[in-house]
Amino acid sequence: MRSGHRLGRRFGWLWASYGTSALGTWLAFGAFPLIALRVLHAGPAEVAALSAVGTAVGAAVAVPLGPWVEFRRKRPVLIATDLVRCAALLTIPAAFTLGALTFLQLLLVSVVVAAADITFRAASGAYLKTLLPAGDLLVANARFESTAWSTTILGPPLGGAATGLLGPVVTVVADAVSYLLSALGIRATGGQEPPPERRQAARMRAGDLLDGWRYILADPTLRPLFLNTALFNGLVMAAEPLLAVLMLGRLHFAPWQYGLAFAAPSIGGLLGSRLARPLVTRFGQHEVLLAAGALRALWPVGLAFLGPGTGGLLLVMGVELGLIFCCGVFNPVYATYRLRRTPADRVTRTLSAWQVTTRASTALLTALWGVLGSVLGPRTAIGLAGVLLLATPLLLPRRTSAAEPAPSRA
């Protein structure tokens, strides 16, 4: 039997590329808002727009790219989107050096990066499916998940130190360089990628733009999983700005305490991603998907009881540790489940539709919860998000898919 732990040189390059770009992204975490505030002297409304509008417009721009990419080789697309993100980000330090940086440029760059990011994620899923057999997909996704949480632990503290010493523009340069290195790593994967079908490549029809959504909504197992992840991610992310207001404002936590409250629990993501494959082997993919998906919804409501001092800090860290651990188990299992369930000639369109919906719902819910936080107060709005999250397990798929492997009895 071939070992599932040795995924080959080509996957090794892809994995290294992912880790490099992920670390660069976390090094530059918060760089755009800081540049807007400190360099361009933008107000709170402009900073909020930078995040929400950039994400929403970037998602809209990415809509036609999914069908277009579907019928092209994925490795050149991955390299191109990495280079596009690198070039877009490098315009910021260039304009800053020339004294020509504007808020509009920041907004345009955020749109380009968001659209390229969605396209990259969709194409990378399709590329991974051609690179590895179905039996190795869970191992690969677990490694990606583990790497994501590792860079979450390391990136923000290092980026914060670099920002304090050299300013936020330097971390944008680091992020741009990480995309360049990622492109070189993907190029080094080499090998022959199977050519995609060309029947629709030459002329994309208007209906193709919606094909990813049509496929998801027509599938009895992908449809509930799609709705679950969009709502869950949106509600979790919508509560984060309000939690920052509560902790850094009303409860007077220091910035380092706020950073620690989210960086340290990311260890749970490392542990969860390591356990994902053994749990699936023991209990089965569908059972782990249901259990982890339900358990991750139980934690966020605890943030409504946040208080000041050490007890409050420990509460946040405990909630985040439980949430992130469950997400660390759930994410690679659901990503593998989705890839196995989707035919090879629909992967890019399906993942593009998934990413666009997730980004758009997150932007919409974040804006809505900002209004609710102003009207009801941040604690009540955080509690409301937590209560709604308790209902998200009802959207998880209840039936076992034919694509699911049987659990091992060994």
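Where pLDDT is low, the predicted coordinates should not be read in detail. With that in mind, here is a tour from the overall fold down to a few individual residues.

**Overall fold**

- The secondary structure of the protein consists of 16 helices and zero strands.
- The protein is as compact as a globular protein of its length, because its radius of gyration is 21 Å, close to the 22 Å that the globule rule gives for 410 residues.
- Along the principal axes, the C-alpha trace spans about 55 × 50 × 40 Å.
- Of the 410 residues, 52% are buried.
- Among contacts with a separation of 6 or more, 87% are between residues 24 or more positions apart.
- The accessible surface comes to about 18400 Å², and carbon and sulfur atoms account for 70% of that area.

**Helices α9 and α15**

- Helix α9 covers residues 211-218, and its buried residues are D211, G212, W213, Y215 and I216.
- Cover for these buried residues of α9 comes from elements including α10, α14 (309-341) and α15.
- Helix α15 runs over residues 347-376, so to follow it in the viewer you would trace 30 residues; from first C-alpha to last it reaches 42 Å, close to the 44 Å expected at 1.5 Å a residue.
- Just after α15 comes G377, with a positive phi of about 100°.

**T229 in helix α10**

- T229 belongs to helix α10, which spans residues 222-250.
- With a relative accessible area of 1%, T229 falls under the 20% cut-off and therefore counts as buried.
- A polar atom of the T229 side chain lies 3.1 Å from the backbone oxygen of F226.
- Not counting residues up to four places away in sequence, T229 touches R296, F330, Y334 and W354.

- H252 sits in the loop between α10 and α11 (255-263).
- Its phi is near 60°, a positive value in a residue other than glycine.
- Most residues other than glycine have a negative phi.
- H252 has 66% relative accessibility, over the 50% cut-off, so this residue counts as exposed.

**A142 in helix α7**

- A142 is placed in helix α7, residues 137-166.
- The relative accessible area of A142 is 9%, which means that this alanine is buried, the cut-off being under 20%.
- A142 and L275 are 133 residues apart in sequence, yet their C-alpha atoms are 8.7 Å apart in space.
- Leaving aside neighbours within four places in sequence, A142 is in contact with S273 and P332.

**R73 between helices α4 and α5**

- R73 is found in the loop that links α4 (65-70) and α5 (74-98).
- A relative accessible area of 41% makes R73 partly exposed.
- Beyond neighbours within four places in sequence, R73 makes contact with E193, P195 and P196.
- From R73 to R338 the separation is 265 residues in sequence and 21 Å in space, C-alpha to C-alpha.

Terms used. Residues numbered from 1 in each chain as written. Predicted model: local features only at pLDDT ≥ 70, side-chain atom pairs only at ≥ 80, totals over all residues. Heavy atoms only, no water. Helix = DSSP H or I, 4+ residues; strand = E, 2+ residues; numbered from the N terminus. Buried < 20%, exposed > 50% of the residue type's maximum accessible area, 1.4 Å probe, protein only. Polar contact = N/O pair within 3.5 Å; in protein donor to acceptor, adjacent residues only side chain to side chain. Contact = heavy atoms within 4.5 Å. Rg over C-alpha atoms; globule rule 2.2 N^0.38 Å. Areas by Shrake-Rupley, 256 points an atom, 1.4 Å probe, with all protein chains shown as cover.
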